[in-house]
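Have the structure open while you read them.

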Amino acid sequence: MQLLWQILINGVLLGGLYALMALGLVLVWGVLNIVNLAHGALIMLGAYACYYLFTGFGLDPFGALPLAMALLFCLGYLIQRCVLNLVIRAPMFNTLLITFGLEVVITFLAQMIFSADFRTVNPSYAGANFLWLGATVPLVRLLAFGVALGLTFALWLFLDHTALGRAIRATAQNLTAARLYGVNPRQLYALTFGIGAALAGAAGTLYGVVSQINPYIGSGLTGKSFAIAIIGGLDKSIYVLVGGLFLGIVEALTALYIGPTYTDVISFGILVVVLIVRPTGLLGRTA
Amino acid sequence: MKLASTLALSVVVVGVLATVPWWGSAVLVQFGINALILATLAQSWNIIGGYTGYPSFGNSVFYGLGGYGVAVGMVQFQLPFAAGLALGVFLAVLFAFLLGLPVLRLRGHYFAIATLGLAEVMTAIVSNLEIAGRNIGLILPLLKGDTLFFELSLALLVITTMTVAWISRSRFGFGLIAIRENEEAAAVMGVNTTLYKILGFALCSIFAAIAGGIHAYWITYLDPTSAFDITLNVKMIIMAVFGGPGTIFGPVLGAFVLSAISEVLATKVTSLAGIFFGLVIVAAIVFMPRGLADLVRRFRQQGWRYFQANIQAHRV
Amino acid sequence: MKQLFSLLLATTTLLFGKPLLGAPIELGASVQLTGQFANTGRYYGDAYQFAIDKINAAGGVKIGSTREKLVLKMLDNQSDVNLSVRQYVQLVSQDKVNFLLGPFASDFVLADSAIAEKYSIPMIQGGGASDQVFSRGYKYIFGTLPPASDYFQSTLDLMGQLKPAPKTIALLYADDAFDVSVADGTRKAIGKTSMKIAVDQRYSSKASDFNSMLSLIKSQDVDAILVAGHETEILNFIRQSKTLNVNPKLYAFTVGVPSADFRAALGQDANYAFGMTSWVPSPALKDDYFGNAEQFAAEYQKRFGYEPDYHAASAVADVEAFVKAIEAANSVDPAKVRDAIARVDFDSLYGRIRFNAVGQISLPQTVVQVQKGKLVPVYGPKGAMEKALYPMPAWGKR
């Protein structure tokens with residue numbers, strides 16, 4: 001029983017990190033209709049940003065978080081403005097392919113610049129943990145969970161209650177109408193993708209503290225983010241929390257009761273089943 | 001007239017290619033086998049992706065099932081190669097029918113992601129199957145000499161292309177194209193969309209499976225990651241898209257051109273090979289999203305403005 | 001006489017495309033210089049080149065009355081098995097190298113060695129230790145890594161001598177060829193002791209989350225944890241065992257611990273971890289070209305900027321084995337050299353090089369422990385060496 005409780009705690013905390021990873025993907029997908037296969041690569045870059053800020057300037061990862069987000073925002077803005085904007089009205093499949101190409105390029109450049117050595121971000125409190133109702137709770141994972149909640153809430157506030165957020169949603173729904181209202185779509189799309197990249201940067205920052213960083217972690221994280229996005233649903237950013245938690249708990253339970261080699265079977269199996277049965281996700285409105 | 005000359009040219013090209021193992025260097029033969037298999041995969045994707053308009057990221061599953069059919073058949077049951085191939089094809093077609101049915105109800109990028117998910121699931125499932133050697137994979141018996149593999153791959157490509165050519169002129173093919181252009185209208189006009197889609201998917205699976213089987217026997221080693229290689233999915237799509245989806249020779253052309261450049265880079269300037277592929281994809285999608293076939297046709301009329309026109313049409 | 005010699009040279013060149021005499025000996029290799037295995041692959045790339053440079057500086061390889069230089073033709077397989085297979089075919093059939101040096105990792109060796117066998121060109125590799133590599137009856141493949149199934153033997157011997165003796169063991173292993181072989185062998189070896197296996201878990205090679213396994217281990221009150229996996233996983237494992245406050249009396253790993261950047265990435269957290277190496281840079285290991293292992297390590301560090309470990313030493317041994325075999329066979333004919341390799345027996349900076357009937361070397365592992373940031377050998381082929389710090393203090397008490 002004790003073990004089960006610990007596993008559930010593990011799952012929930014893992015789920016928080018997962019949700020944070022998928023948040024940026026969901027924003028860009030739900031709003032811009034861009035399926036970003038390079039999302040994991042952006043997370044990887046966020047992790048490296050945190051690493052260099054930590055080792056180079058001694059910045060604590062949570063202090064480096066806003067900076068990493070800002071850096072990734074600029075990168076995302078540029079990517080959308082210079083590359084993705086050129087194909088965004090093509091069949092959606094094209095953006096899928098082009099983001100795959102970007103993923104290859106980014107990963108390759110990362111290896112050239114950062115080398116293949118793996119890195120860790122090791123602040124003094126990296127191993128801190130405390131006991132809660134009989135389960136050991138790692139501090140950093142709890143903080144990551146908090147950050148995920150905070151950013152999800154912030155995103156919802158932004159999209160629903162600010163002028164810019166509303167403009168983004170309006171452009172997504174009807175480009176022509178938005179143009180008539182004076183929206184500059186190139187700018188707007190770039191901003192949105194930039195925000196998505198910034199969220200990926202936040203996830204990367206925390207990922208570097210709980211796991212380790214190397215140029216190749218991108219594609220695996222993209223896959224996971226997809227599963228979470230689909231399972232939760234793309235309509236509202238809060239659904240990603242549900243998707244993340246669900247996947248985190250299921251994976252933790254699977255690893256214990258079925259076997260650690262089956263987690264991918266279950267994760268992607270659920271992805272496929274959800275797509276077949278309820279494509280809009282566990283919570284989304286039925287199309 | 002055009003048909004006759006195209007046919008004659010094709011026969012000559014195939015005839016010349018068939019003699020390569022006798023005068024070509026071992027490296028050329030090896031490159032040839034790889035390129036032929038990739039071309040077959042691109043062509044098989046063409047059926048479901050190019051003609052039917054359903055961008056499948058799951059053809060690697062058929063490829064992998066074909067490979068495992070041969071591997072399991074030859075290693076665990078001591079069957080001959082042909083029997084292994086048959087087993088692989090059977091598994092692939094079964095999969096196409098069983099999973100095609102629910103998954104083909106999805107559209108556009110949901111379909112793409114569902115097939116991608118399926119590819120991941122199959123990799124994970126097979127890596128847990130004892131009979132398939134779990135994640136370690138299987139080692140196949142060694143067959144010295146590449147001539148057999150070359151000729152088989154060539155024959156496979158020819159058959160696949162001929163099938164695609166037949167599709168492009170048949171009622172079945174027109175049905176697929178109708179589905180691509182407007183599925184609801186096609187259904188209203190009496191096309192049995194479900195049946196046609198499943199058949200298209202199954203056809204893909206046959207060719208991809210045989211390609212996988214040949215490759216597995218040739219490399220003599222198979223494991224879940226290389227059998228169900230996810231990047232292979234993207235590669236075959238890029239080649240088909242680069243060459244011209246929905247055309248007969250486009251995917252073949254795309255496959256050969258990209259393979260050649262990639263091979264040269266991998267052997268001469270190895271450090272750049274990785275990034276080359278990514279850059280080609282990005283450039284191709286931006287400047288020539290309708291493929292080489294379209295480029296060749298329109299370039300005559302429009303010249304360099306073709307590229308600009310593409311961007312103008314697709315940018316925001 | 002001179003004219004006759006030139007005529008002979010010209011004729012052989014005409015007949016065989018490559019002169020049989022009077023040409024450099026080419027060694028071909030496809031190594032993971034980029035891609036996810038690059039941080040270990042580079043040991044092989046750098047060591048192959050280093051060894052060849054040293055041997056050439058000493059005059060090269062003696063065949064008959066002449067000395068020939070060695071040339072390395074190395075390709076980057078970008079950590080892609082399929083590409084490495086194609087590259088080996090290219091090396092053999094287009095570049096027409098004389099002999100082959102192997103890549104890193106059993107998965108790669110399994111696939112690439114099939115090419116060596118297919119074309120009957122000897123390959124000596126120091127990267128693949130899994131039992132499958134040597135159980136296919138291939139004649140042209142030789143390996144300088146000790147058999148995977150024996151990897152934990154020295155560690156188990158050490159554990160038998162510790163007080164209080166560990167009673168329960170958790171055995172965790174990745175599901176690739178090498179680690180499964182290690183686990184199978186270790187299970188048998190544990191069966192011969194009085195220790196019991198409390199947890200026996202196979203995990204996916206791509207795993208980065210060990211929380212479930214660690215929680216399970218914690219709930220079972222396990223004394224010792226043995227992990228057979230890859231550096232990246234083991235790094236995650238140690239970090240996560242800290243965050244989940246898992247405190248076994250001892251934990252030992254197949255890889256990672258000997259390599260400097262692994263210990264650097266973990267900092268203080270690396271302390272008390274046990275690892276193993278088939279090689280320590282000791283001056284007792286004498287070598288014809290490098291003096292001894294200690295000198296080799298110092299020169300390597302100076303030239304490449306990082307410390308070598310057993311991967312690099314093993315790679316050097318591969319090159320030296322070829323040289324010894326070519327000199328013994330007095331020819332570069334593949335079949336003759338192959339037979340000569342099977343018979344070599346010499347001392348190198350890596351240890352004694354002698355291949356058994358299936359082509360594998362036998363070198364006992366030395367158990368090492370990280371103590372205050374330094375790597376300390378605690379148990380070697382001749383028994384206990386320096387004192388092992390045992391049991392491991394709990395995370396909170398360090």
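**Notes on the model**

1. A detail to begin with: in β7(C), Gly143(C) is the bridge partner of Gln125(C). Strand β6 of chain C (residues 123–125) runs parallel to β7(C), and 3 bridges join the two. Strands here are DSSP runs of E, at least two residues long, and helices are runs of H or I of at least four, both numbered from the N terminus. Two strands pair if DSSP finds at least two bridges between them.

2. Before going on, some housekeeping. This is a predicted model, where local features need pLDDT of at least 70 and side-chain atom pairs count only at pLDDT 80 or more, while totals for chains, interfaces and linings use all residues. Residues are numbered from 1 along each chain as its sequence is written, chains are lettered from A and ligands numbered from 1 in the order in which they are written, and side-chain values use heavy atoms, with hydrogens and water left out.

3. Now the sheet in chain C. It is open, has 5 strands in the order β4-β1-β5-β6-β7, and its pairing is parallel. β4 (70–76) and β7 (141–143) of chain C are at the edges with a single partner strand each, so one side of each has no neighbour in the sheet. From one strand to the next, the twist averages 25 degrees.

4. Which helices lie across β5, β6 and β7 of chain C? Helix α4 (residues 106–119) of chain C does, running at about 160 degrees to β6(C). Helix α12 (residues 334–343) of chain C does too, at about 30 degrees to β7(C). Angles run from 0 to 180 degrees between N-to-C directions, with axes fitted to C-alpha atoms, for helices over the stretch in contact; contact means heavy atoms within 4.5 Å.

5. Over to chain A, which has 11 helices and 2 strands. Along the sequence the pattern reads α-α-α-α-β-β-α-α-α-α-α-α-α. Of the 287 residues of chain A, 66% are buried, meaning under 20% relative accessible area (1.4 Å probe, protein chains only). The C-alpha trace of chain A spans about 60 × 45 × 35 Å along its principal axes.

6. Last, chains B and C. Their contact takes 27 residues from chain B and 28 residues from chain C. The buried area is about 2,500 Å², with carbon and sulfur atoms giving 53%; that is the accessible area (1.4 Å probe) lost when two parts are put together, summed over both. On the chain B side, Ile136(B), Ile139(B) and Tyr221(B) lose the most area to chain C, together 22% of what that side buries.

Key. Buried < 20%, exposed > 50% of the residue type's maximum accessible area, 1.4 Å probe, protein only.
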